[in-house]
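Please keep the sequence and the 3D view open as you read.

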Amino acid sequence: YYGAITIGTPGQQFTVLFDTGSSNLWVPSIYCSSQSCSNHDRFNPSESSTFVSTNDSVSIAYGTGSMTGILGYDTVDVAGISITNQIFGLAETEPGDFFYYCPFDGILGLAFPSISSSGATPVFDNMMSEDLVSQDLFSVYLSGDEQSGSFVLFGGIDSSYTTNGITWIPLSAETYWQISMERYVSINGEAVACAEGCQAIVDTGTSLLVVPSSVLNNLLATLGADSDGQISCSSVSLLPDLVYTINGNAYAVPPSSYVIESSGYCTLGLEGMDVPTESGELWILGDVFIRQYYVIFDRGNNRVGLSALA
């Protein structure tokens, strides 16, 4: 899920992934000769009258892909909101081929300043401090099945998406959009993981549901998939919900959401990855989870709101 922004004066357009799992803004620059920059738009600072350079470097490693570069300041336009003196990364290297195949040029991080590489102030923090949003929150709707209509709304909640009410979940850390999952993750009422409670993050920049590696094989076996996560498409209708317990409420992910069908094959949208934090291994609630809810990321009150979509 990505959209257009401009950087500089006059604006140079880039497509960015709106990522609640990271905090930096960066785009490819003309200083980048990596293969991944060759087929993407690249920022040219000499063509912006408002660009301010620095000598500071930045490097970021994601679950997939990485970048290194330098930091600069310029005017950034996002959704009609113009942010002056926004610090951002000008990528000089993007190793490997991950970003080469991405339909977006760069990343716009929407998590907290505490996890921003090089201490760069995130875009939404500047929106708040420059009084560019009426409320210190943003909200996200991700449509399913290649349908249009997905959006990020900065500074507001669209009430037409909250007719089922909003359930609020307090954050357990101001790093990622991190929340506590109590008790257990369950299938058919049976606890399958997280018996002692665990931590989860709501991450628009992750496509699937990420679980700790040690848990993955048990989950796949319980759901009747092979070790690669493949499952017979004919059995999908018989699969149970995957239920997360968060802040006393059960959040069920149905098989229609967690099974990915592609050219006649069905795969569970589960991925094993170890993301250690001070409070234990993270579970990642990626797009597979987010697509079922209108999600409100509330910085003013350090909480996440979920409203079930009809």
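Contact here means heavy atoms within 4.5 Å. The model is predicted, so please read each value below as one computed from predicted atoms.

Let us begin with Gly72, which sits in strand S5 (residues 66-78). What does Gly72 touch, once residues up to four places away in sequence are not counted? The list is Phe51, Val52, Thr54, Gln86, Ile87, Phe88 and Leu90. Gly72 has a relative accessible area of 0% and is therefore buried. For a sense of distance, take Leu17, which lies 55 residues from Gly72 along the chain: the C-alpha atoms of the two are separated by 19 Å.

Is Ser186 buried or exposed? Its relative accessible area is 7%, so Ser186 is buried. With neighbours within four places in sequence left aside, the contacts of Ser186 are Ala191, Val192, Asp241, Leu242 and Val243.

How many disulfides does the model hold? The count comes to three, and the table sets them side by side.

| Disulfide | S to S distance | Torsion about the S-S bond | Handedness |
|---|---|---|---|
| Cys32 and Cys37 | 2.1 Å | about 85° | right-handed |
| Cys194 and Cys198 | 2.1 Å | -100° | left-handed |
| Cys233 and Cys266 | 2.1 Å | 110° | right-handed |

If the bonded cysteines of the protein chain are numbered in sequence order, the pairing reads 1-2, 3-4, 5-6. One cysteine stays out of this scheme: Cys102 is in no disulfide, and the nearest cysteine sulfur, that of Cys37, is 12 Å away. The cut-off for a disulfide is 2.5 Å between the sulfur atoms. Cys102 is itself buried, because its relative accessibility is 10% and the limit for buried is under 20%.

Now for the surroundings of each pair. Cys32 and Cys37 are both buried. Cys194 and Cys198 are likewise both buried. The link of Cys233 and Cys266 has a torsion of 110° about its S-S bond. This pair links distant parts of the chain, 33 residues apart: Cys233 is in the loop between strand S17 (230-231) and strand S18 (242-246), while Cys266 is in strand S21 (residues 265-268). Cys233 has a relative accessible area of 29%, so Cys233 is partly exposed. Cys266 has a relative accessible area of 4%, so Cys266 is buried.

**Strand S26 and its partners**

Finally, turn the view to strand S26. Which way do strand S10 (residues 167-170) and strand S26 (residues 303-308) run, parallel or antiparallel? They run antiparallel, joined by four bridges. Within this pairing, Thr167 stands opposite Leu306 in S26.

Strand S25 (residues 293-298) is also joined to S26, here by six bridges, and these two run antiparallel. Look for Phe297, which stands opposite Val304 in S26. S25 and S26 form a hairpin with four residues between them. In the turn of this hairpin you will find Asn302, which has a positive phi of about 45°.

Notes. Residues are numbered from 1 along each chain as its sequence is written. This is a predicted model: local features need pLDDT of at least 70, side-chain atom pairs count only at pLDDT 80 or more; totals for chains, interfaces and linings use all residues. Side-chain values use heavy atoms; hydrogens and water are left out. Buried means under 20% relative accessible area, exposed over 50%, partly exposed in between (1.4 Å probe, protein chains only). Two strands pair if DSSP finds at least two bridges between them.
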